[in-house]
Amino acid sequence: MTVASNHKEVTCPFCGRPSSRIHSTYNRTFQDLPIQGNKVFIIIRNRKMFCDNSD
């Protein structure tokens with residue numbers, strides 16, 4: 001199962017301003033409980049964003 005955000009903008013956790021410029025992406029993978037004997041891996045595709053606040 002792969003999960004990805006579809007938001008075009010995110011809010012900076014430090015200054016609260018919106019940002020839409022992507023810095024980089026990375027995947028996080030973890031294993032969940034088996035379903036009907038099959039292994040389940042959940043892959044979260046995450047983005048790092050630039051903050052344009054000069055402060």
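**Terms and model**

A residue is buried under 20% relative accessible area, exposed over 50% and partly exposed in between (1.4 Å probe, protein chains only). I am working with a predicted model, in which local features need pLDDT of at least 70, side-chain atom pairs count only at pLDDT 80 or more, and totals for chains, interfaces and linings use all residues. Numbering starts from 1 along each chain as its sequence is written, and side-chain values use heavy atoms, with hydrogens and water left out.

**Entry: salt bridge**

How many salt bridges does a search of the whole structure find? I found 1 (side-chain nitrogen of Lys or Arg within 4 Å of a carboxyl oxygen of Asp or Glu). Which side chains meet in the salt bridge? They are those of Asp 52 and Arg 21, at 2.9 Å from N to O. I then placed both partners on the strands (DSSP runs of E, at least two residues, numbered from the N terminus). Asp 52 sits in the segment after E5, while Arg 21 sits in the loop between strand E3 (18-19) and strand E4 (22-35), so the pair ties together parts 31 residues apart in sequence.

Asp 52 is exposed, and its relative accessible area is 54%. Arg 21 comes out partly exposed, at 42%.

**Entry: Gln 36**

I looked up the backbone here. Gln 36 is not a glycine, yet its phi is positive, at about 50°. Where is the place of Gln 36? I find Gln 36 in the loop between E4 and E5. Is Gln 36 buried or exposed? Gln 36 is exposed, because its relative accessible area is 79%.

**Entry: start of the chain**

Met 1 belongs to the segment before strand E1 (2-4). Its relative accessibility is 65%, so Met 1 counts as exposed.

Ser 19 is part of strand E3. Is Ser 19 buried or exposed? Ser 19 counts as buried, because its relative accessibility is 5%. I then looked up Glu 9, which is 10 residues from Ser 19 in sequence. From C-alpha to C-alpha, Ser 19 and Glu 9 are 5.4 Å apart in space.

Ser 20 falls in the loop between E3 and E4. I list Ser 20 as partly exposed, with 46% relative accessibility. Ser 20 and Ile 42 are 22 residues apart in sequence, and their C-alpha atoms are 25 Å apart in space.

**Entry: Lys 8**

Where does Lys 8 lie? I find Lys 8 in the loop between E1 and E2. Lys 8 counts as exposed, because its relative accessibility is 71%. I also took its spacing to Ile 22. Along the sequence, Lys 8 and Ile 22 are 14 residues apart. In space they are 9.7 Å apart, C-alpha to C-alpha.

**Entry: Val 10**

Val 10 has its place in strand E2. I noted a relative accessible area of 29%, so Val 10 is partly exposed. I then went to Phe 50, which is 40 residues from Val 10 along the chain. A separation of 10.0 Å lies between the C-alpha atoms of Val 10 and Phe 50.

**Recap**

The salt bridge joins the side chains of Asp 52 and Arg 21. The positive phi belongs to Gln 36, a residue that is not a glycine. The buried serine in my notes is Ser 19, at 5% relative accessibility.

Notes: Helices (H or I, at least four residues) and strands (E, at least two) are DSSP runs, numbered from the N terminus.
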